[in-house]
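Here is a brief report on a two-chain model. It covers the chain contact, a strand pair, a helix pair and a recorded domain.

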Amino acid sequence: MSKTTFTRRNLLKTSASLGVMAGTGLLVAPALAQNRSIKIGSYGGYFEDSLKSHVYPAFTEATGIAVESVTQPDSTSWLQTMSQAISAGNVPADLSMHTPVNIIKGQRLGGILAPIDPRRIPTLDNVEVNFLHRADGRLLGVGALSFYYSMVVNTDEVDMRPKSWADFWDTGRFEASLGLPKNVNFKFLDIVAATFLGGTDALRSHEGIVAAVEKAAEIHPNVALWYTGESQMEQALKNFDVIGGMYFHDVAGLMAADGHPIASIFPKEGNVIDFNSWTLSEGSQKQDEAYEFMAFSCLPETQAIMSRKIGTAPVVDAAKTDLTPEELAAVAGTPAIHSPYEVYLDDETFITETWDRMVAKA
Amino acid sequence: MRATQPAIPFTVARLFQKFVVLVLAVVPFLLVFAISFGEKIEGAAWVWSFELSNYKRFFVGADYPNSVSFLYLKYLWYSIYYALIASILAVATAFPFVYLMTRLSRRVQTIWLVFFLCSLTFSEVFIVMGWDILMSNRSGLPMLFKESGLTDWLKQTGGLDIMRDWGLATPRNVRFKPSEFATILTMTYLVWPYAVILLYPPVSKINNEIIEAARTMGARPATVVRTVVLPMVRTPIVGTILLLFVFLLGAYVTVAVFAEPAKHTLSISVYEAVRGATLNAPFGSAQAVILLLTAAAILFFGRRFVSHPEGR
């Protein structure tokens with residue numbers, strides 16, 4: 001299966017490099033596209049605003065295709081919204097943003113996500129293979145951006161920067177001081193497994209999950225906030241309600257740039273890398289436009305815009321972009337902890353309830 | 001003919017009433033009830049089915065019989081606990097206020113009532129946001145504690161250590177959220193105007209002559225309130241507590257913001273099951289049905305308590 005994919009992608013590479021399709025094709029487009037438009041979904045708030053002001057205009061300029069931005073509350077409930085809308089005959093957005101777990105979910109639910117034809121995205125080769133979401137040999141998601149769940153500390157209150165995640169378990173240093181995600185899907189368990197169980201593969205058995213959760217339970221006295229929303233943690237960090245914890249690497253960087261004493265750290269175990277993909281809606285009438293947008297998104301130039309303006313890490317080889325080492329360090333780092341996505345799906349109920357019991361001390 | 005004519009609008013009204021109840025209450029409930037027997041597909045959503053596993057999970061956990069978990073019973077307990085304490089507190093503090101208010105002039109009473117009616121327009125989100133800022137480390141009470149030197153004084157006298165035991169302080173300063181204190185305080189605040197508005201009609205109907213009669217016969221004011229006023233408004237007081245209790249059972253934002261996850265309620269768990277990452281509507285529905293039945297049971301016993309008062 002992977003072999004055919006490989007050759008097909010090689011073929012693409014040759015044809016793409018011959019025509020330099022991405023550049024020229026996009027430049028001719030405006031004349032043809034008078035009233036072309038596309039609806040693109042993304043997570044509402046700062047993120048959607050940044051796409052609207054930095055990425056979509058560049059796309060419209062290059063292709064003449066107008067973008068109508070659609071607000072997604074998140075990935076999971078948007079999947080549900082899409083499912084209901086599509087069965088009612090509507091397409092809420094031609095392209096939507098989804099997490100790897102929800103792409104698998106969408107595939108299993110069926111009738112929501114349309115398979116993507118890799119031959120129609122000439123720039124697909126730029127994207128690293130980890131960020132192309134394939135299921136049963138079909139491409140369902142094209143990596144849009146990646147990001148890190150990172151270790152953050154308040155530099156005013158924490159004198160000695162932690163070198164390992166294990167430092168957060170030290171009650172002498174962090175009693176009632178940390179902010180951690182309440183939801184198991186925010187990957188703190190991956191960090192526990194990487195720090196104490198030799199890697200995230202440990203989570204692939206029930207015993208491993210239980211062991212990780214038991215270790216996580218020991219951090220309870222140090223947690224001041226189990227946050228349910230991203231903004232809750234942001235407020236808590238700004239207010240010194242917490243002086244450390246787990247948060248998004250890029251947002252922490254933005255907060256630091258705003259003058260808050262926040263630093264994002266890559267400890268020796270690393271931080272969890274995650275990514276979001278563009279997915280094509282079943283029933284979309286704007287397939288051509290959707291493919292053009294995905295091709296645009298896979299350009300190193302576009303990825304560099306996103307890294308600079310939104311703070312996401314590129315899904316293409318960083319060397320292909322013109323990002324400086326400093327700019328790259330602001331959005332990415334090493335080592336990266338890779339999440340075992342299947343566990344969060346196939347053992348969904350078990351891992352969720354085991355984790356929830358730990359958080360609720362029940 | 002003359003006899004039947006007024007009967008037509010009457011029947012129409014009755015039908016309309018039944019239709020409204022059917023559409024707004026019975027059908028949604030039946031839908032939730034039906035979904036609660038659905039089957040969850042791991043890694044996907046759910047399908048229609050008829051199984052009791054969701055109800056079983058509520059009482060013993062999903063991993064039963066390998067392990068037993070009372071997680072959801074704990075959530076249910078906290079739903080009842082917060083709602084009950086907050087509704088009793090709201091009524092207990094609103095009652096003296098209403099009693100004193102009804103002794104004022106009509107004009108002043110009207111102003112107060114309009115004020116409370118206006119305050120009802122504040123949504124839960126708005127109120128929670130306000131209290132959140134008030135209790136925040138750098139913009140609220142903890143800041144005041146620190147700046148006024150109260151924190152240092154507490155540190156010296158050991159008061160801070162006691163507060164740490166209660167979960168109301170960190171080694172650095174006092175900390176009011178998340179805590180039961182903040183949750184119950186905000187819930188009480190949330191329903192306080194309702195308590196005033198619900199208690200006002202019965203309390204304002206208390207005849208002053210009866211109180212004066214008791215006073216002339218030598219009863220002290222406290223005795224009058226205890227033996228004359230309170231028994232007269234016993235039913236509305238219990239009724240108000242029950243109404244506020246049911247209202248607070250579904251409180252979501254307050255709990256999500258102010259309660260620590262170890263003390264979260266069923267409404268949070270229902271939301272997480274239905275709209276959260278697992279898309280487990282059947283289990284969310286099962287929890288909702290149990291919450292509803294609990295509320296119904298408490299209302300039933302509450303009514304019995306009012307209609308058959310002991311010692312009368």
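## Chain contact

Chain A brings 33 residues to the contact and chain B brings 29 residues (in contact: C-beta atoms, placed from the backbone, within 7 Å). On the chain A side, H4 (76–87), H5 (100–109), E8 (223–227), H14 (341–346) and H15 (348–359) each supply at least two residues. Helices (H or I, at least four residues) and strands (E, at least two) are DSSP runs, numbered from the N terminus. H15(A) gives the largest share, eight residues.

By class, the chain A side has 12 nonpolar, 10 polar and 11 charged residues. Nonpolar means Ala, Val, Leu, Ile, Met, Phe, Trp, Tyr, Cys and Pro; charged means Asp, Glu, Lys and Arg; the others, Gly among them, are polar.

The model is predicted: local features need pLDDT of at least 70, side-chain atom pairs need pLDDT 80 or more, and totals for chains, interfaces and linings use all residues. Residues are numbered from 1 along each chain as its sequence is written, with chains lettered from A and ligands numbered from 1 in the order written.

## Strand E8 of chain A

Five of the five residues of E8(A) are buried, so the rest of the structure largely encloses this strand (buried: 20 or more other C-beta atoms within 10 Å of the residue's own, placed from the backbone). E7 (residues 178–181) of chain A pairs with E8(A) in the parallel sense, over four bridges (pairing takes at least two DSSP bridges). Leu180(A) has Trp226(A) of E8(A) as its bridge partner.

## Recorded domain

An unreviewed UniProt entry lists "domain: ABC transmembrane type-1" for residues 76–302 of chain B. That stretch is 77% helix and 0% strand, with end C-alpha atoms 18 Å apart.

Definitions and conventions. Two residues are in contact if their C-beta atoms, placed from the backbone, lie within 7 Å. UniProt positions are given in the numbering used here, feature names are shortened, and annotations may be inferred rather than shown by experiment. A residue is buried if 20 or more other C-beta atoms lie within 10 Å of its own, exposed if 12 or fewer, and partly exposed in between; C-beta atoms are placed from the backbone.
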